[in-house]
Amino acid sequence: MRTRYLIVVATIATSGLTACSDAAVDQVTAPPSAATPVQPVANTWPSVEEYETNEISSAIGIQITPNPYFSADTLTFVVEAQVKFQWANDVGATIWASIINRNGTVINSSEAGMSYQRFGLPVASGDTTFVVRVSTNRIKCGLTGKAAYAGHAYTKAIDTKLLVFNLWEQEVGKTNAPDVVLPDCPEEPETCEPVSRVIGGAPAALPSTSGCDDEAPAPPSGTSEPVEVCYVIWREFWIIDLTTYQRTLLYAYPVGLYCFVPEE
Amino acid sequence: MPSTPTAPVSTMHRHACGLTLAITLLAGLSQTTEAQQIPPGSTRVTLVARALAARSQRTEVVRRAQQTPQNVVFVDQNATPEDLASALALLQALRIQNGDQLQSDFRAKPEMVRMRPSWTQSAYRDWIIEQLVRLRLATPSAHGDLGLVSAVQVTLPAAKGTVTARSQP
C-alpha cells in the first residue's frame, strides 16, 4: 500500500514537471509587436542639466542691423532688419518705420516683428531678415523716413521644478535707425505769370507771392485767336497823396489808336 | 514793331462791339509804342469775376508792374465769349507792345473788336466758353490785394501777331 502511494505521488510530480516544461508547449508565432506610440516632443525648454551636460556657452548675443531706404519709385519707405543671434533659443525683434514731412507730421507708419523659439539647446548662431514697408501716400519728395528697432535674445532652461527661467539674456532696447531723407520737392514755380519782372530799373527779378492755379488751361494747341482788336491808349496824369495814397486824376489824353492782328 | 495791317480800319469799325473809353495808364507810359525786344512767351492770366461799373463794359484788362497776379482780366457776369476773347487778345497785344517786364501799370479794355469768320466754329471759342463756366463755378477765395473773389487762371501762349498804330494824336 505504501509503495502504491509513492508511485501515485511520483506520477503526479512527473506530470507536473512535464506540463511545465517547454516540451509541453506547441510552436506558436509571437503576435506582432504593437506599434510603440512615439513619445510626443515636449514643448518645453531644455533642462538645466542638459546645458551642463552639453557645455553650452553663455556667450549669448543679438545684433540688429537696420537698412532703411526709399524704393526707387519713392512710393514706399522700406526698412530691412537683419537679426543675428548667438547661443539663444528665444529671440524676438521689432522694427518701426514712419514717414514724416517737412513739418514733422507723420504721413504714415508701420511696424513689423519676428520671433524665434527653439525648444532645445540653443544653436551657436543664427540670423534672419525681415522687412516693413510704409507707403508714402504717393508723396514723392520732401519726406524723411525714420526707423527704430529693438530685440531680445534669451537662453531659456527649465529646472527640476519645471519652472522656466532665463539662463542668459541680452536685450537691444528700442534704437532709432538713421533717418533717410528724400530730396526736396521741386520748388514751386516762382510765379504763375511771367517768370521775372524788373521794376524801377532794378535788375532783380520780383519774387511772386501769388498763388498758382494748378489748373490753368491753355487754348487748344494749333488754334490762333480769331479775334482782331483795336484799342486806344490814353496817358493819364495823377496826383498821389503819399500820406493817404489817395489818387486824383488830373487829366488824360489819347496816345494813339492801335490794332492787334493775331498771327494766322 | 509796326507792320502792314491785315484788316482795314473800316472793316474793324463795322464789326465793332462798341465804342467806349479805352486804355488807361495809371502811371507814365513812355514806351507804349515801342516794339518789344524779347517776344513774350506763354503766361498765366487771372480771370476775376467782378461786376464792372459801366454798363457797356464787360471786361477790363489790368497789368500790374509791382503786384501779383500781374495779368488780370476782370470779367463781368454778363460777359460773352466774344468779350473775354477780345480782352485776352488785347492782353496779348499789350504784351507784344510792352513785354512782360513792366515798369507801369496798365488798365485797358477793347475799343473795337472784329471776330474772324472762323470764330463761331473755332475750338478757341469753345475753350473761351469753358473758361467762363469755370469762372462762374469758382469758389470765392482770397487773391492777394484783389480780396475775396472768384478767380481762375488760364495760360496764354506766346503772343504772336502784329500791333499797328492806326492814328497818332
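Helices here are DSSP runs of H or I with at least four residues, strands are runs of E with at least two, and both are numbered from the N terminus. The expected span of a helix is 1.5 Å times one less than its number of residues.

This is a predicted model, in which local features need pLDDT of at least 70 and side-chain atom pairs count only at pLDDT 80 or more, while totals for chains, interfaces and linings use all residues. Residues are numbered from 1 along each chain as its sequence is written, and chains are lettered from A and ligands numbered from 1 in the order in which they are written.

**Stop 1: a helix in chain B**

Select residues 123-137 of chain B. This is helix α3, whose 15 residues reach 21 Å from first C-alpha to last, close to the 21 Å expected at 1.5 Å a residue. An α-helix has 3.6 residues a turn, so residues three or four places apart point the same way.

**Stop 2**

Select α2(B) next. Of its 18 residues, 16 are buried. Its end C-alpha atoms are 25 Å apart, which agrees with the 26 Å that its 18 residues should span at 1.5 Å a residue. Step just past α2(B) to G99(B), where phi is positive at about 75°.

**Stop 2: the strands of chain A**

Move to chain A, which has two helices and nine strands, in the sequence pattern α-α-β-β-β-β-β-β-β-β-β. Of its 264 residues, 25% count as buried.

Begin with β1 (residues 61-70) and β2 (residues 76-88) of chain A, an antiparallel pair over ten bridges; strands count as paired if DSSP finds at least two bridges between them.

On to β5 (residues 123-135) of chain A, which pairs with β2(A) in the antiparallel sense over twelve bridges. Here V78(A) stands opposite R133(A) in β5(A).

**Stop 3: F85(A)**

Staying in β2 of chain A, pick F85(A). Is F85(A) buried or exposed? F85(A) is buried, with 28 other C-beta atoms within 10 Å. Show the residues that F85(A) touches beyond four places in sequence: G61(A), I62(A), V91(A), S125(A), G126(A) and A153(A). F85(A) and G61(A) lie 24 residues apart in sequence, yet 5.3 Å apart in space, C-alpha to C-alpha.

**Stop 4: an open sheet**

Finally, select the four strands of chain A that form an open antiparallel sheet in the order β4-β3-β6-β7. At the edges stand β4 (106-117) and β7 (164-181), each with a single partner strand, so one side of each has no neighbour in the sheet. Within this sheet, β3 (residues 90-100) pairs with β4(A) in the antiparallel sense over eleven bridges, and S98(A) stands opposite S109(A) in β4(A).

Note on methods:
A residue is buried if 20 or more other C-beta atoms lie within 10 Å of its own, exposed if 12 or fewer, and partly exposed in between; C-beta atoms are placed from the backbone. Two residues are in contact if their C-beta atoms, placed from the backbone, lie within 7 Å.
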